[in-house]
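User: Hi, this structure is new to me. Could you walk me through it?
Analyst: Happy to, let's have a look together.

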Amino acid sequence: MSRGRLITLEGSEGVGKSTNLDVVCEFLEEKRIRFTVTREPGGTEIAERIRELLLSETTEIMDGLTELLLMFAARNQHLTRKILPELDQGLWVVSDRFTDASYAYQAFGRSVAIEKVDTLRRLVQDGFNPDLTLLLDVEPDVSRGRISDRELDRIEKENLEFYQRVRAGYLDLAEKLERIKLIDANKNLESVGSEIRRHMSEFISSLNHDSAIADR
């Protein structure tokens, strides 16, 4: 039995991750690939409790480093209790966000030193990273407008300047990491979905190609 793959969707609030996560799932179903869906922060009972703490409003201001540490505490639980065991069972895992979000939100958004994110990533992940990341990108003022009619959590209530920094963080990662596929989410849903399917097809083709070479 071959090991599963981790596919992550990234982007700030309002970029359409929930809608396009369905596109990824439909694609995997068509390919008859067994998969599970999860999210960050969250994914396990303990990690979901940490999520509640992270997103709930309090009278006390949460320090950026505290936020980062809580994110990685939830991530460690998520990784060890859900993601890695399911990958070992041959399941593909589709996650709404993973560590790239910590670089965008805590390093760029909260101005926590990137070196601290790097240290926690090495400690928790021990070299493990997503196999493919689909980064949905829109201008912050557009994404903010898309969520204006819903009840916002603590992080969603941040100002436009914060989300401009978050976007800059994501774009910086996309320039550096080949696994991240930048998708213009300003386009209509059909166009965005088609681009996601194209990247998924290319990814699966690359896996089949590597497998064929290994079998020679």
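User: What order do the five strands of the open sheet have?
Analyst: The order is S2-S3-S1-S4-S5, and the pairing is parallel. Strands here are DSSP runs (E, at least two residues), helices are runs of H or I with at least four residues, and both are numbered from the N terminus. Two strands pair if DSSP finds at least two bridges between them.

User: Which strands stand at the edges?
Analyst: Strand S2 (35–39) and strand S5 (180–184) do; each has a single partner strand, so one side of each is left without a neighbour in the sheet.

User: Before we go on, what kind of model is this?
Analyst: It is a predicted model: local features need pLDDT of at least 70, side-chain atom pairs count only at pLDDT 80 or more, and totals for chains, interfaces and linings use all residues. Residues are numbered from 1 along each chain as its sequence is written, and side-chain values use heavy atoms, with hydrogens and water left out.

User: Thanks! How many bridges join S1 to S4?
Analyst: Four bridges join strand S1 (residues 6–10) to strand S4 (residues 132–137), and the two run parallel. Glutamate 10, for instance, has leucine 135 in S4 as its bridge partner.

User: Now the helices. At what angle do H2 and H3 pack?
Analyst: Helix H2 (residues 45–55) packs against H3 at about 160 degrees, with the axes 8 Å apart. Axes are lines fitted to C-alpha atoms, for helices over the stretch in contact, and angles run from 0 to 180 degrees between N-to-C directions. That makes H2 roughly antiparallel to H3, a label for angles over 145 degrees.

User: Which residues of H2 meet H3?
Analyst: Ile46, Ala47, Ile50, Leu53 and Leu54 in H2 do, and on the H3 side they meet Glu67, Leu70, Met71, Ala73, Ala74 and Gln77. Contact means heavy atoms within 4.5 Å.

User: And which strands does H3 lie across?
Analyst: Helix H3 (residues 64–88) lies across S1, S2 and S3, running at about 160 degrees to S2.

User: Switching topic: how many aromatic pairs are there?
Analyst: A search of the whole structure finds six. Tyrosine 105 and tyrosine 163 form an edge-to-face pair, 6.1 Å centre to centre with 85 degrees between the planes. Rings of Phe, Tyr and Trp (its six-membered ring) pair if their centres lie within 6.5 Å, and planes over 60 degrees apart count as edge-to-face.

User: Where in the chain do those two sit?
Analyst: Tyrosine 105 is in helix H4 (residues 100–109) and tyrosine 163 is in helix H7 (residues 160–176). They are 58 residues apart, so to speak linking distant parts of the chain.

How values were computed. Angles under 35 degrees count as roughly parallel, over 145 as roughly antiparallel, 65 to 115 as roughly perpendicular and the rest as oblique. Rings of Phe, Tyr and Trp (its six-membered ring) pair if their centres lie within 6.5 Å; planes under 30 degrees apart count as stacked, over 60 as edge-to-face and the rest as tilted.
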